[in-house]
Amino acid sequence: MAATAEKRRCGVSSFLVFLFSVFSLCHSSFSGETFRRNLSVELNPGSPSSPSGGDLLHVRAVGVNDTLHFLFCSQGAPTLLLVHTNSSSSTVEVNWTQFEARNISGGLKVEPENTVMYSSALVFSRLLEYDDVNDTADPTADPFPPYELQDFTWSRLKLSGLSALLCGAAETFTNGSLCLELSVFESGGRDHSWPRLLHTANSSQLRVWLDGMLPRATRSRFLLELRAVGDPSPLSRVEVHRSIDDEFTPSIFKVSQWVSSANGSSDVSGYLQWKPVAYRQADAALEFATPCRHSDPRPQSPEETAAASGLIRGFYGAPQTFGLNVSFGLAGEPFYNSTKFFSWTVLLGAGSPPVDSFSPLVLAMMAVGLGTPTVLLLMGGVCVCIRKRVTDYEPIN
């Protein structure tokens, strides 16, 4: 019997050692040092006064031997530009006379120009509205004239730490506003608000929301038209990846990635990443989540895109451009009029998109769920063997 008790103690000890190993592995995997960048923020770099046509924000993110330049501009349609250089000393130079004229390229440069490895820009070109009379969520059914975001009256950029807020409205708006909030990051992490996108030091985040605007119909739904510009290649295809984990964005098991591939290779140079969900309240919660969809990317007019965005004209000229629409709400979902609010979040980054993984808590639960039956089976087998040996014992007369 003493041997049996000893075996049981060994089994329990082995199980505890197993659990400790799992928790140690989880902790070391998720609490280790992450790559960091040194960030500096400058509003309207080199301008002696506030530009009349809108603001230009420059965030310089310096790594060990490279630099990311994030530029967010409200001259024309709101545009976010990302430039990746292989130098830790590259800088942005703006010729404000040319830049504000918006008729020739070259008003904004990243110097030295031969250090630029990759660049990509996202233009918020239009806000589209349609009357979903039959609740089919078909944007082509009864569309209203689009809102051209280049014609909006935009506020001055409001800076707060590593975030910047831009709000605007059209002359035809009845109350309300369209807002964009840019966030940049020194290191990897996850946003505190849903959809809690995973970011890295190589990415930026834009949260877009429409708040308080009176729709043109009681059953209105909305879309955002996005245009992507890139060099040497623009974002040209959307990949949808599925997951079995919805821990950080409940009920959402997909992530969409609008990616760029250099020279047709499978290596990704840059990306836009989002989860197919929007929220109908400022305080995002599961009961206010609404699905969103995207159209396939299609080539767009380079000249039209450059004319709409001062930042595109100043840096690129008239580059190759692709565009798509993101629509909010499916058939049967509440209409915009129910809360007069929707928000959507997207990442813009260089390199490969971040990949969601299980959290330490989920990994520990999986380990316990799978490990406990295994250990119990082993302990049961040991006990059966010992019991059989005791039963088979024959005393000597």
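Q: What share of the 397 residues in the chain is buried?

A: Burial is judged from relative accessible area: buried is under 20%, exposed is over 50%, and partly exposed lies in between, with a 1.4 Å probe and protein chains only. Here, buried residues make up 46% of the 397 residues. Do keep in mind that this is a predicted model, where local features need pLDDT of at least 70, side-chain atom pairs count only at pLDDT 80 or more, and totals for chains, interfaces and linings use all residues. Residues are numbered from 1 along each chain as its sequence is written, and side-chain values use heavy atoms, leaving out hydrogens and water.

Q: Which residues have the most contacts inside the largest nonpolar core?

A: In soluble globular proteins, nonpolar side chains tend to be buried together. A nonpolar core is a set of buried Ala, Val, Leu, Ile, Met, Phe, Trp, Tyr and Cys residues joined through side-chain atoms within 4.5 Å. The largest one in this chain has 50 residues, and Phe 72, Phe 124, Leu 206, Leu 210, Leu 226, Trp 258 and Trp 344 have the most contacts inside it. Strand S24 (residues 341-350) gives the most to this core, with 5 residues; strands (E, at least two residues) and helices (H or I, at least four) are DSSP runs numbered from the N terminus. A second, separate core of 19 residues includes Cys 73, Phe 99, Leu 108 and Val 110.

Q: What is Leu 210 in contact with, leaving aside its neighbours within four places in sequence?

A: Contact means heavy atoms within 4.5 Å. By that rule, the partners of Leu 210 beyond those neighbours include Leu 127, Phe 173, Tyr 336 and Phe 342. Across the chain, residues 24 or more positions apart account for 66% of the contacts with a separation of 6 or more.

Q: How many disulfides does a search of the whole structure find?

A: A disulfide is a pair of cysteine sulfur atoms within 2.5 Å. The search finds 1: Cys 167 and Cys 179, with their sulfur atoms 2.1 Å apart. Cys 167 sits in strand S11 and Cys 179 in strand S12 (residues 177-184), 12 residues apart. The torsion about their S-S bond is about 110 degrees, so the disulfide is right-handed. Cys 179 is buried, with a relative accessible area of 3%.

Q: Is Cys 73 buried or exposed?

A: Cys 73 counts as buried, because its relative accessibility is 2%. Cys 292 is buried too, with a relative accessible area of 7%.
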